[in-house]
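User: I'd like to go through the sheets and a helix pair in this one. Can you walk me through them?

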Amino acid sequence: MSISTSSICSHHSCSSSCSSSCSAHILHQLEHWRGELASKINIYNGELSEFLNIFVPSNTPCPLDPPSARIAEDFYPIEGREVHHYDPLINIFSRIVADFPEDRRLSFCNTHAQELLFPFSSFAKDHHTSKPDISVSFPGVELATRVKSPDWTRFSMVIEARSMASEDPFDIKADITRTDAILQLAVSARSLMFAHGMLAAYTIGIYGDMVRIARFDHACAVASEAFSIKSLKGLRIMQEFFWRFTHPWHPTPGAVVGHDETVSKITPDLQTWLREHLGSEADELLNGVDLREGRVVKVWDDREPKDPSSGTESEGSSSSSILEPEDTGSDSEPKEYLLFKLVNVNARLFSRSTMVWLGVEYDTAKSAEDLELRIIKEAWRQLVRIPESTFYRRLRKTIPLEQRIGLPGLVGGGDLGAREVAEWEAASKPPGRVLRPRTNRDTPRPRPYPMHQTFTWRLTVGEDAKVRERSHMRLVIDTVGRPLSRFRSTKELVTAIRDAIKGHRLALERGGILHRDISSGNILIVDKPRRNQSGGILHDYDYSSMTMEVPTSPTVADDSSNPPKLYHLRLEQDKPLEHASGHKERTGTYYFFAIDLLDPTIQTPLHQARHDLESFYWVLLWIVLRHTVYAHVAGQNACETAFVYGDDLKAMSTKRSWLVGPLPTIPGNEPLTELIYELSGQIYRATLTERWGTSRTPLTYDTFLAPFNRALARDDWPVDDGAIPFYHGDARTNSVYADRRPRGPRGSKRPRDSGDFGSAVPSGEPSNKRNRSNAASGPRQKSAAGSTAGSSTLVASSSKRGGGSTSGRAKPSGSRRGKGSYSSLKRSGA
């Protein structure tokens, strides 16, 4: 297999001017894949039969005689001729499964020369394509020897082959060049899991005549010991593996081990039902949507968790700590939802792997008039974290519906992993036993380990690694919106961000919740505002923290000298609160980190509300520089002069330089231009002034919201100035988990939610030009034609590509300054 880089550039007709940035983008992605895989691959050191019992569970014994060793006797790998090995290997595998029942028989095809795109067409341009050496069908499906126009929906597993045993990338002595072979397996596993909603995916690696079976989930991967395909024992292991793979514990037609039983395809009948019930909105909502990529999911409602502020507890609870596991039982039957349009996806494999869908409840008893659009979110939270549903329920209890501006509401859902583990433990004897690999393979397990919650770290490393496991969340949110990058007017964009800030304030002051991950992907523009006409919402509370008790005084939110004590981890009942000290972290989306959080001299900065407020500024700037026409001395590279990924010191210095350097002008849009200038001044005075002998002016909600309110009160906003597509190197944003060790980007959530393991930095080398005399004088003047800041260039974010012409748009307004511009602000002023 190879990983194709043709689709990594976000526009296939990419001009030569972005070729270097695309190359940097490719290399950056590959480095992050390698870095992610380096610490997430485990080798199971038990017997092969034990590996199959634990990691490929089946309760259907294989009744077949072992295959004859003769079927592989003519297979002799030759160095450098691996392409010629694929068809002989297909012949061996086909003979191994020849006696399987017809509805459970696998078929194999050679796909090494055929490119497979990322499984969701609307996001395919953002991700690697791949060419698996051998692709495997689902049970009972006969594949042609060569499949025309293959896609991931046809395949259940992939096989990669190398010509020599020395190329085994799982060997402890393997160098980084051979880890790329694991990368190829990981890319395919990722695509399989997203295409089918799998809980785990399996791959086979063949190195010479040595074989390894690997299992991937969203926490890590585990590989078997190597065995020879030319030996009778090795062929028997392969037969047993294929048998188990096609006979999952709860067999359903066409299912394999790793299949999510709560997920099914949207059948043609359901497609018809959906179109009929969407009615007049069907054409708009389904425009460009491939319903074959959608799915039907079951949603259970977790029981209401206890909240210390309410004075009540769930049944059977004896403690008031919000950091203990909540009751995850369910009193009702699941509801079914049709997920028909993918809104956003974090395609990192070992991560939350968040998917945000647009969907509707499937209820034949409801009429089309009762149909309501919902947001359905799937994510794999770290087991040690407080479930996101807990934050939503706190918000629901503390903020009345009529006062809930900028905040979504939870319709239903919860933690599928905790639910499955509770059922599993109830069926196990004794419950709550210490997990350890089974040593007597003749003693059957009562039930396999759950798969909606990962157990791989515990089974390969030990119980202490539980903090690295993940649990499957599925939530239904009531508010439907668009990403900021799809604003229909800049006033709509600013309104959405302003209302999200209001929601952030409500959550902290009334609910004791600090979001801690302000990003372009976590603010949505509300399509049909209802509650108090809120134009935007702040969602995604996976990385949030909360107080033990609901705050009694709203002033605590703005008090940076005495911030509220917040907790982001859910601890075990038998471990003291101090256990959290081992999990200190910095979270958020790297591009939007506050300057202080990037400062390498601060080892463990306390994440406060002021950091989130600063992140709102960087989000606004990010969208403006990528999706509007603006004038700036850096031309179309202005985004690179403000945003750098991967190097804390450089990212901090670049943001500081931006605040004291020339700022952009948005021609014909004085309200937005002045807003950026006022907010830049606030950030400058809150972060940089003490470097020049002046005390800082802390950010507060009132002072930060005031420029937004003044801007939105103006009547000179342009109309129909919607977002322009951005194609310049496409520095995608993905969240990254960040620890505080002084290396690389100290964790962070890697750029977020629509990229691979690590997205590239914005193309081009950032301009960090700065001198102390300029810095000491505070923010410089507007960047406009003829200004003292230097010559400016009027650019559209996508000019030269994607139709981002500036025709029909206003020209630069020269050095004209309005009230509130930086030229009229004093550094000590508001």
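User: In what order do the seven strands of the open sheet run?
Analyst: This is a predicted model, and in it the seven strands of the open sheet are arranged as E11-E12-E13-E14-E15-E17-E16, with antiparallel pairing. Strand E11 (263-264) and strand E16 (410-415) each have a single partner strand and stand at the edges, so one side of each is left without a neighbour in the sheet.

User: And how many bridges hold E16 to E17?
Analyst: Strand E17 covers residues 470-477 and pairs with E16 over five bridges in the antiparallel sense. Among the paired residues, Gly413 has Leu475 in E17 as its bridge partner, while Gly414 is partnered by Arg474 in E17.

User: Which helix packs on that sheet?
Analyst: Helix H8 (residues 388-398) does, touching strand E15 (374-382) as well as E16 and E17, and the direction of H8 makes about 35 degrees with that of E17.

User: Is E16 mostly covered or mostly exposed, then?
Analyst: Mostly covered, since five of the six residues of E16 are buried, although E16 is an edge strand with a single partner strand.

User: Switching to the sheet of three strands, what is the order there?
Analyst: That open sheet runs E18-E20-E21, again with antiparallel pairing. Strand E18 (481-483) and strand E21 (536-538) are at the edges with a single partner strand each, so one side of each is left without a neighbour in the sheet. From one strand to the next, the twist averages 40 degrees.

User: What stands opposite Ile523?
Analyst: Leu538 in E21 stands opposite Ile523, and the pairing of strand E20 (residues 523-526) with E21 is antiparallel over three bridges. Helix H11 (residues 490-511) packs on this sheet, where H11 touches E18, E20 and E21, and the direction of H11 makes about 40 degrees with that of E21.

User: Now the helices. How do H13 and H14 cross?
Analyst: The axes of helix H13 (residues 609-627) and helix H14 (residues 648-660) cross at roughly 75 degrees and come within 14 Å. Angles of 65 to 115 degrees count as roughly perpendicular, and H13 and H14 are therefore roughly perpendicular to each other.

User: Which residues meet there?
Analyst: On the H13 side they are Tyr617, Trp618, Leu621 and Leu625, which meet Lys655, Trp658 and Leu659 in H14. Sorted by class, the contact of H13 with H14 has six nonpolar residues, no polar ones and one charged residue.

Terms used
Residues are numbered from 1 along each chain as its sequence is written. This is a predicted model: local features need pLDDT of at least 70, side-chain atom pairs count only at pLDDT 80 or more; totals for chains, interfaces and linings use all residues. Side-chain values use heavy atoms; hydrogens and water are left out. Two strands pair if DSSP finds at least two bridges between them. Helices (H or I, at least four residues) and strands (E, at least two) are DSSP runs, numbered from the N terminus. Contact means heavy atoms within 4.5 Å. Axes are lines fitted to C-alpha atoms, for helices over the stretch in contact, and angles run from 0 to 180 degrees between N-to-C directions. Buried means under 20% relative accessible area, exposed over 50%, partly exposed in between (1.4 Å probe, protein chains only). Angles under 35 degrees count as roughly parallel, over 145 as roughly antiparallel, 65 to 115 as roughly perpendicular and the rest as oblique. Ala, Val, Leu, Ile, Met, Phe, Trp, Tyr, Cys and Pro count as nonpolar, Asp, Glu, Lys and Arg as charged, and the others, Gly among them, as polar.
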